[in-house]
Amino acid sequence: MDEFSGLLEGPRARGAFALRGLLASPWSLRVEADSPLTVIAMVRGECHISHDNGEQVTLGPGDVAITRAPGHYIIADGEATQPTIYIHPGQDCRSPDGRSLSEEMKLGVRTWGNDARASTLMLIGSYESMADVSERLRGALPPLLWVKSEDWESPLLALLNDEMARDAPGQAAVLDRLLDMLLIAILRTWFSTKKIQDAPWYQAKGDKVVGRTLKLIHQNPAHPWTLASLSAKAGVSRAALAKRFNEVVGESPMAFLTQWRLALAADLLCEPDETVGTVAERVGYSSPYALSSAFKRVRGVSPQEHRLRTLAAS
């Protein structure tokens, strides 16, 4: 498995927030929900997204944007429209003066807005649990990214729109899987574009020595790697590997290996059937104690504390 596949296999929506938004101008949503990942897809009409980090994009039909926590943003009919609706954690929808709008703006099954005949229709799908999206994937994404309709082609958007409006047995599970598929399709397209070729991790992947070393680590993190064994597999001396890896990645090969193993462990610890012992074995630690010590040293919390915090945020 390559590192991209490892990232993209992570999303597993469980009871995701799914909504069709029908909005007639003027409208503007200030989103402060802090969902781990949110997919914003335009079916018809346009919207303008202004992220607090300064990034901006206008989406048209077939365009899709993804946001990740932390970070707040405004979605509006235009750049100049001031927020008229605030979305707080838990998808709590309120007016600027604090009045609840949740019931007032319901328009049908998973459909919400200010006009059932509005020309603007967008789909919102939010992963509400930190355990549903791998920490590695969240860390690899910017706060806001987007893919334009001309860069991808799929029936998923139309299918998700149709299924959101249905009320049938097992519908939540259907929507979860469709959201996973749409997210993966959009990220696969985004990862393949030239927009990311300046990213340090992308450059590292293309480096002859560092790329080979990263592949070894990603494909078999549980192997008892040493600097000597990695350099032998990469076909260079230990000094040459250490120097080149530091130049490209910004840390030593062994430090990167530790971070990668602990990132994998952080994701696995949120799986209900995993224990600290089974996770330790899967990511290359000799015992639960060894994993716990490394986890606490690097991340500041024990594996058990990490699991409880992540599940509490769900």
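In the predicted model, Val 39 stands opposite Ile 66 in β6, within an antiparallel pairing of strand β3 (residues 37–44) with β6 that extends over five bridges; strands and helices are DSSP runs numbered from the N terminus (E, at least two residues, for strands; H or I, at least four, for helices), and two strands are taken to pair if DSSP finds at least two bridges between them. β6 also pairs in the antiparallel sense with strand β13 (residues 144–147), over four bridges, and here Val 64 stands opposite Val 147. Residues are numbered from 1 along each chain as its sequence is written, and side-chain values use heavy atoms, with hydrogens and water left out. Because the model is predicted, local features need pLDDT of at least 70 and side-chain atom pairs count only at pLDDT 80 or more, whereas totals for chains, interfaces and linings use all residues.

Strand β6 (residues 64–68) is mostly covered, five of its five residues being buried, where buried denotes under 20% relative accessible area, exposed over 50% and partly exposed the range in between (1.4 Å probe, protein chains only). The cover extends to both faces of β6, with Val 64, Ile 66 and Arg 68 buried on one side and Ala 65 and Thr 67 on the other.

Thr 67 and Arg 68 also belong to the lining of the largest cavity, together with Val 31, Ala 33, Asp 34, Ser 35, Thr 38, Ala 69, Gly 71 and Tyr 73. A search of the whole structure finds one cavity of 30 Å³ or more, and about 60 Å³ of space lies in the largest cavity; a cavity is a set of points on a 1 Å grid over the protein atoms alone where a 1.4 Å probe fits but cannot get out, and lining residues have an atom within 4 Å of a point.

In helix α7 (residues 227–234), the buried residues are Leu 230, Ser 231 and Ala 234. These residues lie on the same side of α7 because they cover an arc of only 95° around the axis, the arc being that of the directions from the helix axis to the C-beta atoms. The face turned away from this buried side carries the exposed residues Ala 232 and Lys 233, while the buried residues of α7 pack against α6 (208–219), α8 (238–249) and α9 (253–268), with contact meaning heavy atoms within 4.5 Å. Just after α7, Gly 235 takes a positive phi of about 80°.

Conventions:
On a 1 Å grid over the protein atoms alone, a cavity is a set of points where a 1.4 Å probe fits but cannot get out, and a pocket is an open set with protein on both sides within 12 Å along at least five of seven lines; lining residues have an atom within 4 Å of a point. Grid points are joined across faces, edges and corners, and a volume is the space filled by probe spheres set on the points.
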